[in-house]
Amino acid sequence: MDRLPNVLGLLVVLLVGIGAVVVPDPATPVGTDAPAAEFSAARAAAHIDVVAATPRPLASPGHTAAREYLVRTLDDLGWDTTVQEGIGWYSPTDSDTRRGARLRNIVATLPGTDPTGTVVLAAHYDTVTASPGASDDGIGVGTALEAARALTDGDRPRNNVVVLLTDGEERGLLGAQLFTAEPPPFPGPMVVLNHEARGNAGTPLTFRISSPNADLIRILSQAPGALADSFTQTAFEALPNDTDFRRFDEAGLHGYDTAIAGGSAYYHTPLDTPDRLSRSSLQQMGDVALATARTLTATDLTALDAGTDIVGTTPWGLLRYPRWVEVALTLALAVAVAALAVVRIRRRDASAGRIAGAAAVALVAAVAAGAAAFLPWWLSQRAVPGLGSVPIGEPYRPGFYQLAAVVAAIGVLTAVYVAVRRRLGAPAFAVGALVVVTVVALAGLPFLGIATPLVLPALPAVLGVLVAEALPQRWSRWRVVAVVAGLLPAALVTVPAVLASFDAGLTFGAPLAGAFVAVLFAVLLPLTAPLLPGEGAVPIAVTTVFAVVACTLLGGYTNRDGATAPRQEEVFYSLDADRGQAVWASPDRPRSDWSSALLTESPAPLPTQFPWRPDTSLAHGPAPVAPLAPPRVEVLDDTPIDGGRVLQVRLSSPRGAPTLGLWVDGATVREATVDGAPVDPGANFGFLFTTENPDGIEVRLDLDASGPAEEVEVRVADVTGDLTVVPGYSPPPGKVVVGPTVVVVRTVGR
């Protein structure tokens, strides 16, 4: 058999796929000497250098300093700048502890000349504890400020423009909730451009767009360098992250959610510093934001289309088409695969039973490929816990682990195919694999964008095979040409999809990348089947194991301690003031000799020490008793009423902790207010609340218990983030501590 045409065809397909991912880096950063009307990463970075000079969690000195700088900067631009104050609350679905804070959003407005609505440049300016937040969300803040400056230059826009820098995003999207709960600064439609980061590098991607989105996508596509993907809009829901966009969308606002996700090991850590933020990513995010905002400010926002588009990501821009086209293409794929099956059966190349069996095997192989892609990183973290970052478990240098994931997926798929080909037949397996792709695409139709990355590569590939089957057998080379032509869209779509999957990190992205490798393997089979061995699944499996192990070891070597940024630790400290006992604790197992010396006990729930995590198993160990004053509780009222009673207390922290907590045991809370704001009531009621007020907060509880206050157990706590208050504490040498927490708890009312 002449295999040369297949080899050359495969080479062409692979080169096209590689060309699709070898795209230029994000935009070249522009200096401070750029024209005033342009976005300059250098000018934006100057703002980030200031606000990210120190961590800025709620009610911290850095938080206050950043707010004052941002207000002053927007005032200097001539915008009407105000600070929106209020209280926000978030009730997690997985916890009885509500999260609240007194907030200060920054709202700067530039009235339009003939407005039809308002364009909002949004980001959040708070951070998690101990993180300077140069990327999360310094990149959003810098983008909004520099875009605002550029919009100020020249003629005033037609539509109103607002810069919204929200507060409390890290505590549950609280600032966005506050903004949408109050009357907007201007009437009419509002379009929000929200900017975020889950890392410190990479190409900015607009991964969520409000619906209806036809006009929004059309406008976004006019911005050079803009990328969007409807698939990510659904896939994002599986990630343990969210952004302010959620609250804007729930309030019925139009909007875009754009973020970078490369370098995710730095996310939410003390290492998220300005010097580590990619200026290229900042430039591209700013270019897209400014171009999109300019178009929106000149658009009649009352005429936004009610239709819905699908967006497919390509290296060269946005591919968009109506929603019905996705449905039609998916149905066309089903018809084409059915036709191919009929052709194979009529020609006696396969039987219906063998195709069905092959589909079952292909489905198992695809699942196994996804699992195998995740396995190298999973095993690496078990062997060396310090390899992964604390917040989301990612390495600083993921390249070799990504390669290991792809090699593992290819190896599993190839070994399975070779093992069953003799029994099922190559034609039956090729059709069965396409049946799996088709069934998954059909199952994904109810969800926007899920079918698109499956249909775009599979439909042309099947059509190419059908054309090849229609040609005479003697035209063997033209048959290969037809197959290759059908596979080019697969290379253009699926190869970039494999690479883009890793933007979700190895934990989520590796299995997804394995799934896309399976799709590519399925559509390539008509071309690659003659090139694969007829037997020898075991040697293929052994070779794959050796290759994966080699890649994994190289990944460990390039991420070895001392070769990258400092490794990360996570420890909490809790002092039980009633018992005079203290513990170290962590949701993570020990990562080094340093944490092993602190966390000497097996994981177990510690509801007394950490009331907001009563069911979380924490590695722990005894700790020195720090001389920390417990939170103060002053009973202001205890009045029987309506078969229960009203208990009103003032809760404060003698040690000046900004976050205060209270939990009720022995009674159901029928109504509750904290610092004058209502809170969702319920059984097992508890809250954490952050405020700058040194006098603390007043709490009013309507309880269903009728006895004296002593019969209701109330646990209180205050929370800070400075572990140096613990006697004998020494930071881990050569490492950083993520999310340091110091808690003092006591119980009253016994």
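Okay, some housekeeping. Residues are numbered from 1 along each chain as its sequence is written, and side-chain values use heavy atoms, with hydrogens and water left out. Since the model is predicted, local features need pLDDT of at least 70 and side-chain atom pairs count only at pLDDT 80 or more, while totals for chains, interfaces and linings use all residues.

Let's start with helix 1, residues 4–21. Helices here are DSSP runs of H or I, at least four residues, and strands are runs of E, at least two, numbered from the N terminus. Which residues of helix 1 are buried? They're P5, N6, G9, L10, V13, G17 and A20, where buried means under 20% relative accessible area, exposed over 50%, and partly exposed in between (1.4 Å probe, protein chains only).

Staying with helix 15, have a look at L499. At 47% relative accessibility, L499 counts as partly exposed. L499 and V21 are 478 residues apart in sequence, yet 7.7 Å apart in space, C-alpha to C-alpha.

On a 1 Å grid over the protein atoms alone, a cavity is a set of points where a 1.4 Å probe fits but cannot get out; a pocket is an open set with protein on both sides within 12 Å along at least five of seven lines; and lining residues have an atom within 4 Å of a point.

The second largest pocket is lined by 26 residues, with N6, E469, R479, P526 and P530 nearest its centre. Helix 1, helix 15 and helix 16 are among the elements giving two or more residues to that lining, and helix 15 gives the most, four.

How many cavities of 30 Å³ or more are there? Four. The largest cavity has 16 lining residues, and T206, L220, T258, V288 and A289 lie nearest its centre. Helix 9 (279–297) gives the most to this lining, with five residues.

Then there's the second largest cavity, where T206 turns up in the lining too, along with F207, R208 and I209, among others.

Notes. The expected span of a helix is 1.5 Å times one less than its number of residues. Grid points are joined across faces, edges and corners, and a volume is the space filled by probe spheres set on the points.
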